[in-house]
Each structure stands twice: as C-alpha cells, then as structure tokens.
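Welcome to my notebook. I jotted down what I looked up, one topic at a time.

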Amino acid sequence: MAVAIGAHPSEVVFTASGTEADNLAIKGLAWAGAERGRRHVVTTNVEHPAVLESVAWLARHGFEVDLVPVRADGIVDPEAVAAAVRDDTAVVSVMVANNEVGAVNDLAAIADLIADREVPLHTDAVQAFATLDVRVGGIAALALSGHKFGAPQGVGVAFVRRGVPVDALVHGGGQERGLRSGTYATAQIAAFGAAVESAVADRVRLRDQARAQTDRLATRLLALDAVHRSGPADPAQRLASHLHLQVDGVDTEALTFALDHAGLAASGGAACGAGAVKASHVVEALDVRADAVLRLSVGWTTTDDDVDRAADVLVDAISRLRAGRPVVA
Ligand code: PLP
C-alpha cells in the first residue's frame with residue numbers, strides 16, 4: 001500500500017472502511033488543530049457523506065465549517081479553496097474524484113496554493129484509486145476503501161503523514177502508531193494488500209477499458225433527444241469509469257425502477273426518504289435542472305456485452321417512459 005501511494009509503511013493506518021478513514025483524518029486533524037487554537041474547517045459541498053457528516057459533527061462541537069461550492073462541472077476551483085483558508089483553519093478536505101459525477105480535482109494545485117499556510121490537506125481518494133495514480137505528495141492525510149478495487153468489504157486505509165498531529169478516535173492498546181487501537185484484521189488486510197497489487201498492475205488497462213465502455217454507452221445515449229452528460233468537458237478531468245446523465249421527459253424514480261426491473265444497477269443521483277425522491281446534494285450543487293439524472297459506472301468485471309445490453313435497456317426504458325408506455329410487461 002505504501003509503495004503504491006508513495007508513503008512510508010508506518011504512515012498506512014488500516015481501518016474498517018473508507019468512511020472510518022475519512023472520520024479519523026478529518027476529526028483527528030481538526031481536534032489536533034483545536035489544541036493549537038484552530039477551530040475552522042474547509043471542505044467542498046460535493047464530498048461523500050463520510051466527510052460532510054464528519055464536518056457536520058465538528059460544527060456541532062464548536063468548529064466553524066466553510067463548504068466551498070464546486071463549479072457547474074463538479075470541480076472545485078483551487079483558488080476558491082485557498083481563499084477559504086484562514087489562520088485558524090485546522091484542516092482542508094477536498095476529494096480527489098467525486099463518486100457521483102466523476103469530476104477529478106486538481107489536488108496538486110490546491111496543495112501548492114496552501115503550502116505556506118501550514119494547514120493539513122486531507123483527501124478522499126476512495127473513488128479515484130482504481131483508475132488514477134494516487135500519490136500523497138503535498139497531502140497530510142488520505143482515505144481509501146478496499147471494496148472499490150477488489151478487496152472484501154470491511155477494510156480501508158487512512159494515510160497519515162508522519163509528524164502531522166492527529167488525535168485518535170479509537171483508544172486502546174496503541175496499534176497503528178496509536179492512531180487506531182485494536183487487534184489487526186489480518187485476513188482483510190492481507191486481502192487488501194493483494195487487491196492493491198493487482199489494482200496497480202492492472203490500472204492502465206482498466207482505465208482504458210472503462211473509458212472505452214463509458215464512451216460506448218455515452219455514444220448510444222447521447223444520440224437520444226434531450227439527454228446530456230454532466231461533469232467536466234475534458235475527459236482528463238473525469239473518472240474513466242463514470243457516466244452521469246441528465247435525461248428530460250422522464251422521472252428519475254420511474255427510470256431507476258425500470259432499470260432495476262431489467263437487472264441494471266444504476267443510481268438516480270437521488271436519495272429516497274419517506275416515499276419522496278430528493279435530488280442528491282451533488283445534483284443540487286451542480287444545479288442540474290433535468291427531470292431525471294442517472295449515474296452509471298463500470299467496473300473491472302464489466303464486459304462490452306454488459307455495456308451493449310445496458311444501452312439497449314436504457315434506450316428502451318427512456319423511449320417507453322417518454323411515450324407513456326409501460327416499462328414492465
Ligand atoms: N468516499 C467516497 C468518495 C465513496 O465513494 C465512498 C463509498 O462509496 C466512501 C467514501 C465510503 O467508503 P466505505 O464504503 O469503505 O465506507
């Protein structure tokens with residue numbers, strides 16, 4: 001793991017999930033900052049709930065939080081992040097790549113811009129690691145999750161740079177430099193190590209395959225009327241594995257129901273609560289006005305046949321729904 005991200009082995013802290021790694025880094029850096037009078041946190045409005053709920057918890061415990069809004073393509077402007085940093089900022093957290101829209105941030109630019117502010121920069125690299133060469137230069141802390149690249153669920157990693165003060169969340173026998181006490185989950189960690197090795201060895205091939213597959217899917221779907229792609233225009237600023245679409249003339253819930261019925265696992269970029277479908281915080285942040293949004297992604301098991309079948313199912317479901325015809329026989 002350390003070799004893959006350019007870290008020292010002692011800087012790799014095994015956790016039970018990417019969520020736990022985000023919590024450890026953000027709360028741990030924030031509390032260590034508070035001990036030096038710093039009680040301000042900067043992050044973006046499209047982070048994963050593991051980050052947003054961590055900073056919300058910090059806000060309930062006396063921290064001030066600034067959520068920097070992303071641009072309409074889902075990328076955060078590095079200058080805007082730097083401008084939000086104050087003398088009392090304890091931690092800055094910006095994800096490498098967004099899990100819904102796939103927008104890839106320029107972490108190196110952010111690190112450069114805040115380098116002289118002595119503020120630790122944390123990044124959630126959970127979605128990025130499978131297809132991007134994630135390195136820790138300029139970064140104080142970083143979160144990864146094994147199940148995103150072939151390890152079993154239940155194991156993640158927090159990279160925590162040596163010399164950067166971080167308070168532990170889990171206290172006990174002092175394992176993992178005292179940052180995460182508890183007996184190691186050896187089997188999961190061994191599986192995680194094997195998955196890292198094969199993910200890194202296979203990364204370029206997977207990225208090319210994923211790019212070709214999402215392009216193939218996009219070509220079929222963007223040929224329909226009133227279907228648009230969200231996110232950065234430049235493919236280099238998008239995760240190869242992600243395709244985020246705006247679809248007019250159909251309802252998100254009806255569309256995802258139709259896809260689910262056809263055996264296609266897709267997300268509507270929405271969270272359902274108490275019978276109501278509400279746009280996700282990412283869809284809201286991008287100011288998407290379409291009737292439906294669809295988040296599609298491919299992985300290392302996806303075949304070209306899967307992609308063609310998915311395209312057939314999607315084209316059929318969208319045209320049926322638009323024509324008011326039933327999607328389920
Ligand atoms: N961060 C991002 C960007 C994610 O996409 C996810 C999972 O989907 C997580 C954090 C949480 O990781 P885990 O499922 O290991 O808790």
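Predicted model: local features only at pLDDT ≥ 70, side-chain atom pairs only at ≥ 80, totals over all residues.

**Where the domains meet**

I began with contacts and found that 31 residues of domain 1 touch 20 residues of domain 2, where contact means heavy atoms within 4.5 Å. Residues are numbered from 1 along each chain as its sequence is written, and side-chain values use heavy atoms, with hydrogens and water left out.

I then checked the bounds: domain 1 is 2-196 and domain 2 is 203-323, as given by an automatic or database domain assignment. Their C-alpha centres lie 28 Å apart.

Next came buried area (the accessible area, with a 1.4 Å probe, that two parts lose on being put together, summed over both). The two domains bury about 2,100 Å² between them, with 59% of it on carbon and sulfur atoms. Of the area that domain 1 buries against domain 2, Glu100, Val101 and Thr131 supply 35%, more than any other three residues.

**Salt bridges**

How many salt bridges are there between domain 1 and domain 2? I noted 1, using the rule of a side-chain nitrogen of Lys or Arg within 4 Å of a carboxyl oxygen of Asp or Glu. I also looked up Arg203 and Asp133, whose side chains meet in a salt bridge at 3.5 Å, N to O.

My search of the whole structure gave 13 salt bridges. One of them joins the side chains of Glu11 and Arg162 at 3.8 Å, N to O. This pair links distant parts of the chain, 151 residues apart. Glu11 sits in the loop between helix 1 (2-5) and strand 1, and Arg162 in the loop between strand 7 (156-160) and helix 6. For these elements, helices (H or I, at least four residues) and strands (E, at least two) are DSSP runs, numbered from the N terminus.
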